[in-house]
Amino acid sequence: MFVFLLTDLFFYIIILTLLSYILYVRKTPDLLETWSYVFKNKTGALSVLVLSFFMIIALSDSIHFKNKVYDENNKKYTYTSEISSLLDIILLPIHENSEKSYSSPFSSKLYSKETVKIDKDIDKRVYPKLKYKGNHNLYSEKNIQNIFITIIISFVKTLFICFIMYLIIFYKTLFKNFKKITTYFLRNKFIYLSFFIILLIFISLYDLSIQYYVLGTDKVGEDVLYKSIKSIRTGILIGTLTTIVMLPFAIFLGIFAGYIGGFVDDIIQYIYTTLNSIPSVLLIASAILMLQVYMANNPIDFENVYERADLRLFFLCMILGLTSWTGLCRLLRGESMKLREIEYVQASQTFGLSKVSIIIRHIIPNIMHIVIITVVLDFSALVLAEAVLSYVNIGVDPTTYSWGNMINAARLEMSREPIVWWSLFAAFLFMFILVLFANLFSDAVRDAFDPRANKNYE
Amino acid sequence: MFNYHKYIIIACIIFLKGCSDKPLNNPYSDNLNNLKNVYYSSFQERPKHLDPARSYSSNEYAFIAQIYEPLYQYHYLKKPYELIPLTAAEMPEIIYLDDKFNETTLNKKIYYTKYIIKIKQGVLYQDHPAFYKKDNEYFYHNLNDDQLKNIDTLKDFKYESTRELTSDDYIYQIKRLADYKNHSPISGVMSEYIFGFDDFKNKINKKSELNYKKRIKFIQSTNIQGIEKINKYKFSIIIKNQYPQFIYWLAMPFFSPMPWEADSFYMQENLIKKNITLNWFPVGTGPFRLIENNPNLRMVLDYNKNFRGEVYPSLNDKIIDKKLISSNSVKAVPFIDKAIFSLEKEQIPRWNKFLQGYYDSSGIASDNYDQAVSLSNSGDIKLTEELKAKGIHLNTATAASTYYIGFNMLDPVVGGKESKARYLRQAITLAIDYDEYISIFANGRGIVAQSPIPPGIFGYQDGKKSYNKTIYKKVDNSLVKKNIVKAKDLLKKAGYVNGLDQKTGKPLVLYFEATGSGADTYAFLNWLRKQFKKIDIQLVTRVTDYNRFQEKMINGTGQIFQWGWNADYPDPENFLFLLYSKNGKVKYGGENASNYSNYEFDKLFLRMKNMKNTKKRKELIENMLTIIQNDSPWVWGFHPKSFSLSHSWLENVESNLMANNTLKYKKINNNIRHDKISKWNKPDFTLLHILFIIFLIFIFSVLLTIRKKEKEKAYD
Amino acid sequence: MIKYILKRLVYIIPILIGVNLLTFALFFVVNSPDEIARLHLGNKRVTQEQIYAWNEERGYNNPLFYNNSEKGLDAIQKTIFYEKSLKLFLFDFGVSDSGRDIKYDIQQRMWPSLAIALPSLIVGVLINITFALFFVFFRSTYVDYFGVIICVALMSISSLFYIIGGQYLISKLLHLVPISGYAHGYDAVKFLILPVIISVIYGIGSGTRWYRSLFLEEIEKDYVKTAKSKGLSESSVLFNHVFKNALIPILTGIVVILPLLFLGSLIVESFFGIPGLGSYTIDAIQSQDFAIVRAMVFLGTILYIVGLILTDISYTLVDPRVRLK
Amino acid sequence: MNKLLSVKDLCLTIKSKENQKVLKNISFDIHKSEIVSLIGESGSGKSLTALSIIRLLEKSCKIKSGKIIFLNKNLLSLEERDMRDIRKEDISMIFQEPMRSLNPVMSIFEQLRESYPKKNKIDIKKNIISDLVSVGINDADRVINLYPHQLSGGMKQRVMIAMAIACKPKLLIADEPTTSLDVTIQKQVLDLLVELREKLNMAILFITHDLAVASQVSDKIIVLKDGKIIEENNAKEFFKLPKNSYSKSLLESSVYNRQFFNNQFNSENDILSVQNLKVFYQEKKSFFGNNSSLLKAVDDVSLSIKPGMTHAIAGESGSGKTTIAKAIMGLTNITSGKIKICDKDILNMNNSEIRSFRKNYQMIFQDPFSSLNPRMRIGAIIKEGLCFLKPEIDNRTISSILEDVIDKVGLSIDSLNKYPHQFSGGQRQRIAIARVLVLNPKLLICDEPTSSLDVTVQKQVLDLLLNIQEKTKISYLFISHDIKLISNFSDTISIMHKGRIVEHGITSDIINNSKNSYTKKLLKSVPQIIN
């Protein structure tokens, strides 16, 4: 039975808008041209690829079901309030059972010694073996071999998958003009190669983490890799949902202020100056507190932990959105002021078009590039912000998987000796990859859309 | 090019000169060598109040217990804990009175108890401007602006003076407890006990309009019926009927002396503006005085030169006619001249600084534990090799406190007297594996609780012959927890089969109230959900901030919650009253957060309360425990063990969890400290060198390209 | 000029009022005074009368906006809004919920914050400019290309990693500086080194990129060609012409945040245990000390606006084209 | 006469345009103190040639082959530092846009000073002042302390020249030095250049698209067309009879001659009549509304147009021409005055009336690049007005209308669903015309419709306008700074200066014998081709 969490719905909306935008772009040549800049730029293309992989994961993690249990005496299945996502089901072999406590990456033993009774009254302190995974001694030949073999196998798998895809794409022209296809491949070998590599990484990670804890386990013995993968959704949601919240404010207020001007302009300026001048952390903090009161006062609305966490995440996005629309608003105001004077707008004024229709027909299409640039830029900033907020305890719900929470926990682990570095590392790695490629992407986009950006890399 | 070379080479030389071997990471402004006889430690959150009438938390006691001296103190070395006189000359003389205030005996009905307390003579307060008199006028008691001109903290007052401690000061303090303006947390409790405390409270509360001077006069002039000044060094307290534990209260900082001068000094408006208040600058008779109070950075205690001196106790001390005689009287405390406590909010720095030797002692956060100590099966604890090598000592003690998961007995599902709910509770009690909890979250720093009463307290169930029958069973005389199967059929009895309610067929969902602070919250809640999953119960955790949580407790809207209790004094009464129905949180706003009420239990409680620690009392307690263990309104959690590590140069470290005023016993061996610190903290410059080389490469690359550009031609 | 500044100062007032109302709403809608009282009286043995006393002491027992029990001006003045919000306009921050005088605390804690923020700003800007010039010098070569990518990489790391990593490496492994702590006077230096370094490194990525783009923008301009046609050398064109122009946005960019430096940085301060306004704010948030948070919000707002005004003024100073009316 | 500079088979490619050659075997000579004009339309590679002489090309431009011999040195094979000395002493350059080519944040003194050899401050100052005076800046000692933005366009260009001649160069490269200036200023600058040439006997490489200007100054003419030299000839002969066909067409199109006149003034009543129109601007009120000086953009202007006539408004930039147009179109608020179109006062119409009436008068804008929305298809752009002002028409007729209008302006049908950026400037202007033609208005206001176009294109556009007028008796209000053009294009004319009309009447009268002094000055300064 499907469950739709609030954020899920919004995330679907985002995906849909994304797709429709792509279709729109495909229809309009000039946009297509500008976007083609993004893909011409190697880093741009790569980042699009990686981000879409992340997106897919996030999406598969946003499709939720209720779990079933069998009820003997009523002889039928009933649904528990436990919720799991498509991703959980895919990754079931990785996370279904968890160890007692810490264990380091690829290790076969727990990280801390325990006392075991050898017999009646002799006991010894040893590193106990892991229950479920990594049942090899890491440093033995056998194990290295095993890892190697696993990777080889997944390499083959990847090849196979790619071949299938290839068949699907080119089944028409498969044998006719083989030459053409090969040349086509050679022309964009970079992108296809990187696609292959990414796929390989994913698959081999999956295969490995069935046998090992690739990134170790955390305090309660949960697979850190799984945690970090689950966190992707949170990160991406915060990055995207927030913009969804902020865009309407920014766009409409910005345009009205800029295009209509006068008194409206003064008011809107007043509003965003006021909002701007409050330190955002304080604003967010107090808003989160308010949220907690709300939840405390009517607990019935939040049947299970997921919905609670989800709602909190949602509100966090709302709040971030409400505090972050001012910057874009200011930009758009300036731009639409410029557009107001530009000649094609005046031309359509001479046709006596109403303000609204001018805004829709002329202004909005011509400020969209700014919107896109800002949205892409903000994305990475927001992902980073989440971590910091969680540090101040005003971030996402402590029960949500998020890199912020992982880092927060890792603060203690860092002071252990020998230190537990892997959760921090995992959080770092995933966050870094996502944000890095988001940034690279935003660069590419800016170069493509911003006339003033310098396109002359090497 | 050569001129560049010259500069670079010079730079290199200067740079390399800069490297040396003396420690650079000393976190104090003072130089290492003159850390003579100074004790270094840290505090995690800044104390809110240093007013003895008000402060009621261990992190505040850490300071004021060194400064203020109540009448009695706990013997530093003796276990079980035992009270000895501090400023009192001897243990109090106790007289039982009947309703006519005539002396009577124990076997008759007792209405009142009278404590006659005699204090030492010649005890002096620390030097303080409040005491300074100029031609019989208190010089600083009505400050004008030019007196205050360049006064920023207490040190800036030029003149100081002292005076002798008298019984008035104690009486005055007890009155302060009654004054609501001081927000004393125990004024409520005291009005139950001290005779006439309540009337005084009402009197003083009516006088809210008086300005502070008049107020002080008023307080001095009006008396509490039950309290009588006999002479300068002697006074008596009358408490309603009988309350043997009262003596413990007298050992708490609430009952330290407070000179009225201090009050009238600190009450001055223009001082309050400068944050100079009694709440921040204590005035005491103790071995130390607070000379720097910057709760944002550090607190500095300095030796109080007016301190009368005290001898270091030893185990073969005996109390001869109620006076403590120490075996050898040379060891005059305090040994250290100065103690510096630095604010340290974050885990990581605190632990690392301790390892680097910049803190003399440290509690262990559970996460440093693997590094610190290793647990052998027999439960006794040893230091790991590397710490032994550093010469670090470990001392452990079980705190007189307990952590538990409580069920709200008013809740329709888990609460109530009927058996259905009771079975459910028992099942949960079985399911939650506190051994695992301790090993994961407290890393073994604790022992699983059988009952509310922790070890070291009279009536503790050591698990040898008396133990919790509902949870444990004896298998060849070692305790074994009953297994999950048992729990499941308890659930069946309660009417739930694998997590589904038999009547409705709905899954059973329980709610846990958590306070979402700290990095561990997530891990803990996750663990807890697993525990409930074992018996197919779904647990919904509601995370809120602390005062939401409080609110829920008070309205009784919570269902399951985790809480803890630190003993005020080492007596079973102080734990069992947590389940006494008259302390119900919802009804009476007391401390019985699970709102448990059981007639039998209450009856026994009232009888047990006023008894001495006799065989009889033991039995009563046993019965009470069996009742609650059967009803199990709590999941009996664990009693935390407190570990503290201390460096080899710190001497006389004993763990005594009741005594707060232990700073005076500590002793520092400075030479060892100095050597070790400089050994442990040799700076390492390799990184800097590497960076420097990279920097050079940059420079050269630029220079080269400049030359290249100069030679450029136009052709492609 | 003066006239303009005065006008701007007048312009502050409506904004401050707005901010004031907003924060007031936020804070007194969220928690009722009783809860605050309970929080601050500690968690053992809190009775209702104590709560009442506490509220009375801090004037939280008054009604929010209008006091029916009083008459005349008191009806307005004996309200939480008047006591807690309007008084801010007179810089009367009042007493914190834990009973300390806020104004005094702010005065005390301002300077440590500044002691980190200012050096990190200055050093940061210098370093960024150097790197930016370096990349511009190698513009449209691979040095530049990879330089930019490295910048992006640096930008993509959360500040928390920098701090934790920095502490671990520099203080724990290399023993070069104290892990945390603070001292007044010159002793502060050794405590400030690490935080400053970290905040500088954190800034490098974005800063360098920004400055680089500024420089490149200027280099495209025509006057550069003119200067070259005069036969000036690359470097003198870069420094005498491009630099002068690029400096305008850089300077004004600095000026705008200059006042905000007093507020300090939340994370760094609380990690390094520096008693600045940053950690003050964090503590206030975590202990829900609304009095302090209100005060900080107000302060932040004022400083922000002052920053804006300073920016305008600085424009007139560095850019001959701009004249204020 | 001996050679100063000779360019030999210069070939140059641009990376961005997949390495196609943009200069193909350019070779020409410049002799001492000779003025050579490099003529060509935009994109013909004039500037590139110039820049490659002084070696200030963009990084993306690569010189493939060829030599540039200057005083028997090959500039192209010099090292950068030596080339710098050449720039310091022998070759200097002035650019098209004086506003942008001066450093905004440095005072005139600081900027000039750099182009002098290092001496002590005082006598540098002396030199500078003297040089400034010599380029016709009389209050030099005041000017040197000013910043560029405080100078007028002409002044700036003078400063640029002073900067260029500071080192007494042997060769001065002037890249469109007068294009952005008003005619009167242009004249002065040209004269100045010629004069300087005499004084310093330096050679000048003069780059322009305006034949007339070239004919004023140059000894030799070189015509460039997409990177090739198609004619090199001395000035006199060139203007007499150009050898090459392209240069011929250039010549013709630059002297625009109207095919026919229909000067019969029909006594119908005016299609447009403007009576004492006043448009004053207040500077933007700030939040608190401070009073500020008001700027009289249009001050008491009256004019009238008969049907089928073309009335022109001529004047220098900032004389308020465009403001009138905007006032009529209702794009700006009018302070006072009457505007009647077909005897209907459009100022006191209510919205709905004006909406239905708008189709009668329309406007073409100056810049075809900003007057079409880049995000809309041509079809949509043209349709916009139609759908809005004539909602009654159904789609089929609309599409047919579109097709014949697009054909009328001489574009192919398929261009209807292309996007603006796929067209050249001329084509865009045609589209702009089409956009208004579909409404077949009675009055069309053309605001500098051709000033941003190359001469040949300009010609085509004007022709188009004319034969439209022929077919549909439409009347134009034609606004331009180019009096030469107007004189041949309009029936009646009004000369504007500082927001007022200084003179108006029948074009031929005004051109041939004007009374007004300003008009005279204006006419005099218009460069004519001497032949």
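**Reading chain D**

In this predicted model, 4 strands of chain D form an open sheet, ordered 12-11-14-15, with antiparallel pairing.

Q: What makes strand 12 and strand 15 of chain D stand at the edges?
A: Strand 12 (294-305) and strand 15 (344-345) each have a single partner strand, so one side of each has no neighbour in the sheet.

Q: How do you know that strand 11 and strand 12 of chain D are paired?
A: Pairing needs at least two bridges. Strand 11 (residues 272-282) is joined to strand 12 by 8 bridges, and the two run antiparallel. The count meets the cut-off, so they pair. In one of the bridges, D:Tyr281 has D:Leu295 of strand 12 as its partner.

Q: What packs on this sheet of chain D?
A: Helix 12 (residues 321-329) does, touching strand 11, strand 12 and strand 14 (336-341). The direction of helix 12 makes about 70° with that of strand 12.

Q: Which domains does the assignment give for chain D, and how far apart are their C-alpha centres?
A: The assignment gives domain 1 (3-98 + 169-252) and domain 2 (272-525). Their C-alpha centres lie 36 Å apart.

Q: How do you know that the two domains of chain D touch?
A: Contact means C-beta atoms within 7 Å. The contact takes 10 residues from domain 1 and 9 residues from domain 2, so the domains do touch. Helix 8 (183-200) and helix 11 (245-254) each give two or more residues to the domain 1 side. The largest share, 4 residues, comes from helix 8.

Q: What is on the side of chain D that touches chain B?
A: Here 9 residues of chain D are in contact with 8 residues of chain B. Strand 4 of chain D gives the most to the chain D side, with 3 residues. By class, that side has 2 nonpolar, 1 polar and 6 charged residues.

Terms used: Residues are numbered from 1 along each chain as its sequence is written. Chains are lettered from A and ligands numbered from 1 in the order in which they are written. This is a predicted model: local features need pLDDT of at least 70, side-chain atom pairs count only at pLDDT 80 or more; totals for chains, interfaces and linings use all residues. Ala, Val, Leu, Ile, Met, Phe, Trp, Tyr, Cys and Pro count as nonpolar, Asp, Glu, Lys and Arg as charged, and the others, Gly among them, as polar. Axes are lines fitted to C-alpha atoms, for helices over the stretch in contact, and angles run from 0 to 180 degrees between N-to-C directions. Domain bounds come from an automatic or database domain assignment.
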